[in-house]
Amino acid sequence: MFILRAMLREEYRMHSSYTSSRMMFALPAFAFTIALVTSLALGNIMGAMSLEELLFNVNAGVFLYGVSVGALGFIGRTLVERRQGQLNSIITMPSLLPMSYRSTFLCFFASDAIFYFALLIVPALLGILASLPFTHFSIVSVLSASLSLALSFLYGMSLSFAVSVAGTRSRGAFAIIAAVIIALLLGHGALHFYGIEWLLPTMGYQFSAPPLGADAPLAALFLAATIMATLLLYAAAIIMVPESFQGREARHGRLYPRYFARFASFGSFQPYLAKEMVDLRRSGAVGRMVLSFVIPLTMLSFTGWYVNNGLEVPVGFNIVFYAAMVGFFSVVLYTSLTEVDAHDFYGTLPVAVPRVIRTKLIMFLMLTMGISTAFVLGIAALNGEAGMLWLALPVLYVVSVYMVVATAYLTGLRPNSSLFDPAVLSKFIVISILPSLGLTLMSFSVGRTELAAVAIAGVLVLLLAAAMLLYRRIDAKWSGRGFN
Amino acid sequence: MASITVRELSRSFGATAALDRISFDVAEGTFFGCFGPNGAGKSTLLRVLTGQLPPTAGEVLVSGIDVQGNGIAVRERVGIVPEAESPPSYLTAYEYLAFVGRVRKVDDVEGRIDRWIDFFDLGASQDVLCKDLSKGTRQKVMLSSAFMHDPPLLFLDEPFVNLDPIYQHKLREYLLHLREEGRTIFLCSHILEAAQKLCQEMIILNRGRIVASGSVPQLTAEEDLETLFLRLVEEDVHP
C-alpha cells in the first residue's frame with residue numbers, strides 16, 4: 001500500500017509540474033462542466049440518434065480512451081530503461097531495492113487508474129448526476145450507465161495493459177495479439193458472427209440494465225463477465241511483467257549514415273529526419289503507432305457499420321465523414337512520434353525546439369499519408385463509396401495536416417502532458433471540435449445537395465490557411481523554450 | 001577580450017533564486033572553474049551561459065554574443081558536456097557522433113569520429129545502442145560529441161563523473177593540452193582536485209551567490225582549497 005501511496009503522490013507531482021497544482025485541479029472541474037453541459041443538451045442530441053446508439057458510442061469512446069491510456073507496459077519499460085531524459089521514477093526502484101517489478105507494476109497500474117478516475121471519470125460522472133434536476137432521466141438509469149462507463153474504461157485500460165506488457169516481452173506475441181483483436185472486430189463488424197456484447201461486455205450489461213433493459217440476471221451476468229475479464233487481463237499483465245529489464249549489448253548495423261544519404265533532398269532537415277527514422281525503426285514505435293491509430297478507427301468504422309446495418313438506423317456515416325475522422329485521429333500519431341525518446345540531448349547542440357517540431361511534422365506526413373490513405377480507400381471499397389473519394393481524400397489530407405500542425409503549435413514536443421493543462425486542452429477542443437462538428441454535419445448532406453461539397457471545400461480552404469498560419473507561428477511560440 | 005562576460009545575472013525558479021546577481025569575467029584562453037556544493041547553482045549557471053535557459057535578469061555575453069535569444073548562435077561556437085549524460089537511446093555511439101557531426105556541419109565527419117573512438121577506446125561499444133551503454137561509456141560519448149568540432153570554448157559540467165582513473169587522467173591531460181593551445185574552458189564541478197590541477201581562475205558558488213573569486217594561487221595563498229571551500233560555505237550558511 002505504501003508503494004501505491006508513493007506512486008499516487010509521484011503521479012500528482014509529475015502532472016502538476018506540467019502546469020501548476022491549481023491548474024491541475026481545474027481539469028476535474030473542466031470534465032465536470034463538459035459532462036454537465038452535454039447531459040443538459042442530451043435532449044437535442046437524442047433528436048439525432050437513439051439512446052441505444054448514444055450509449056454505445058459513449059461506452060465505445062470511453063473504452064477506447066481506456067485503451068489509449070492503458071499501455072503501461074510500454075510506458076513502464078521506457079521509464080525503467082530511463083529514456084525520459086533526467087527524470088526517474090519509483091518504477092525503477094526494483095533495480096536498487098528488495099522490490100519486485102511485478103508488485104511495482106501492480107501498483108503502477110492501480111495508481112494510474114485511480115488517478116484517471118479522480119481527475120476525469122468521477123468528475124464527469126458527477127457532472128452527469130448534477131444535471132438530473134434539469135433533465136427527465138431517472139437516477140437509477142444514470143447510475144447504471146455510469147457504472148457501465150466506469151467499467152468500460154477499466155476494461156479498456158486492462159486490455160491495453162496486458163497487450164502492452166506482452167509487447168515488451170515479444171514483438172511476435174504483440175503482432176499475434178493485435179491480429180486477433182482485429183480479427184475479433186471484423187468478426188463482429190463485417191461478418192456479424194456475434195454481437196458487440198461479446199467484445200465489450202459492458203454493452204451486454206447496458207442492453208440488459210436501465211435505461212435500455214430490465215433483465216437483472218442477464219445484466220448481473222455481463223457485469224460479472226466484465227469484472228472477471230478486467231481482472232484476468234490485469235492478472236495476465238502482471239504475470240507477464242519480467243523480473244529484470246536488462247538491456248543487451250547487441251551490436252547494430254549503421255543505419256544512420258544510410259538514412260542520412262536517403263534524406264539528401266530535405267536540406268537542413270536531413271540529419272534530424274535520419275535520426276528520427278532510426279529511432280522509429282529501432283524502438284518498434286511504428287507498430288505501436290499504427291495499432292494505436294488503426295484500432296480506434298476500426299472501432300469507429302464498425303460503429304458506423306453497426307448503426308447502419310446492425311441497428312438499421314440510416315445515420316449517413318459516409319466516406320467523407322470517415323475521412324474527416326481519420327484526419328482527426330491522426331493526432332495520435334504525432335503524439336506517439338514525440339514520445340519515442342527524450343529530447344534533452346538537443347540542448348547541447350545548436351538546435352532550437354521549432355526545428356525538432358517541424359522534423360516530427362515531416363515524419364508524420366511521411367508515415368501517415370500512406371496509412372491514412374489505405375484506411376480510407378479500404379472503407380470506401382467496403383461501403384461501395386469509391387465515387388466519393390474525389391472529396392474524401394482532400395478532406396483526409398487537409399484535416400490531417402490541420403490537426404497535427406495545430407497540435408504541434410499548441411503543445412510542442414509534449415502533447416500528452418500539455419493536454420493536462422486545462423487552458424491548452426480548452427484550445428485543443430475548440431480547434432478540433434468545431435471543425436469536426438462542421439464537417440460531420442456537412443458530410444451527412446453530401447450526395448443530397450451540391451452545396452454540401454462547396455461548403456466542405458470552403459471549410460478545407462479555411463483549415464489549410466489556419467494550418468499555414470500556425471505552422472509559421474511555431475517559431476514565435478517555441479523558439480525560446482528549452483528541451484527539458 | 002573576455003570570452004564570457006556576466007553582469008548581475010539572476011535566474012529564479014518560482015520563488016527560489018538559483019542564481020542571485022552574480023558577475024564575473026572569463027578571459028579568452030583561461031581555464032576557469034566554477035565550484036560549489038550540491039545545489040549551489042553551478043549547472044543552472046552553465047545552462048544559462050550556453051543559452052539553454054534564459055536569465056531572469058542581468059546580461060550574459062559568450063564570445064561577444066548576448067545569450068538572450070541567441071542560444072543557437074552560442075551553441076554553434078561552443079562544446080557542451082551536460083551534467084547528466086543523455087545521448088539518444090536508439091542511436092549507437094558511432095551514429096550519435098555522426099549525427100552531431102552532421103548537425104554541426106563539420107568536415108571529415110568519419111575521420112573525426114574515428115579519432116574520438118580511438119581516444120576513448122570506444123571501438124568495442126561503437127555499434128551498441130546508447131541506451132545499452134554503461135554510464136561511463138555514455139559519458140565518453142558525450143565528451144566526444146563536445147570535442148568533435150574543435151570548439152574554441154568548452155563548457156564542461158562534471159566531466160569526470162563515471163570515468164575510471166585511466167580516463168580521468170587522459171581527459172585531464174587533454175584539457176591541459178587545450179589550455180596550452182589557448183582554448184577557453186569553463187568547468188563546473190564539486191571536485192576540488194580538478195581546480196588544483198587544471199584551473200587558473202575560479203569562483204566558488206553557494207546558494208546562487210559567488211562567495212569567492214580569483215586566481216587559484218591567490219585563493220590558496222594562505223589555506224588549501226578544501227579548507228577555504230569549507231570555511232566559506234559554512235560562513236555563508238552561518239554568518
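Angles under 35 degrees count as roughly parallel, over 145 as roughly antiparallel, 65 to 115 as roughly perpendicular and the rest as oblique. This is a predicted model, in which local features need pLDDT of at least 70 and side-chain atom pairs count only at pLDDT 80 or more, while totals for chains, interfaces and linings use all residues. Residues are numbered from 1 along each chain as its sequence is written, and chains are lettered from A in the order in which they are written.

**Helix α7 of chain A**
- Helix α7(A) and helix α9 (residues 201–208) of chain A have axes that come within 9 Å and cross at roughly 170° (axes are lines fitted to C-alpha atoms over the stretch in contact, with angles from 0 to 180 degrees between N-to-C directions).
- The two helices, α7(A) and α9(A), are therefore roughly antiparallel.
- Residues in contact (heavy atoms within 4.5 Å) include Leu151(A) and Tyr155(A) in α7(A), and Pro201(A) and Tyr205(A) in α9(A).
- Val140(A) also lies in α7, which spans residues 139–169 of chain A.

**Helices of chain B**
- Helix α5 (residues 135–147) and helix α6 (residues 165–180) of chain B pack at about 10°, with axes 13 Å apart.
- α5(B) and α6(B) are therefore roughly parallel to each other.
- Lys140(B), Leu143(B) and Phe147(B) in α5(B) meet residues of α6(B), among them Tyr167(B) and Leu171(B).

**Salt bridges**
- Over all chains there are 16 salt bridges (a side-chain nitrogen of Lys or Arg within 4 Å of a carboxyl oxygen of Asp or Glu).
- Asp475(A) pairs with Arg358(A) in one of them, with the closest N and O atoms 3.0 Å apart.
- Asp475(A) is in α20(A) and Arg358(A) in α16(A), so the pair ties together parts 117 residues apart in sequence.

Notes. Side-chain values use heavy atoms; hydrogens and water are left out. Helices (H or I, at least four residues) and strands (E, at least two) are DSSP runs, numbered from the N terminus.
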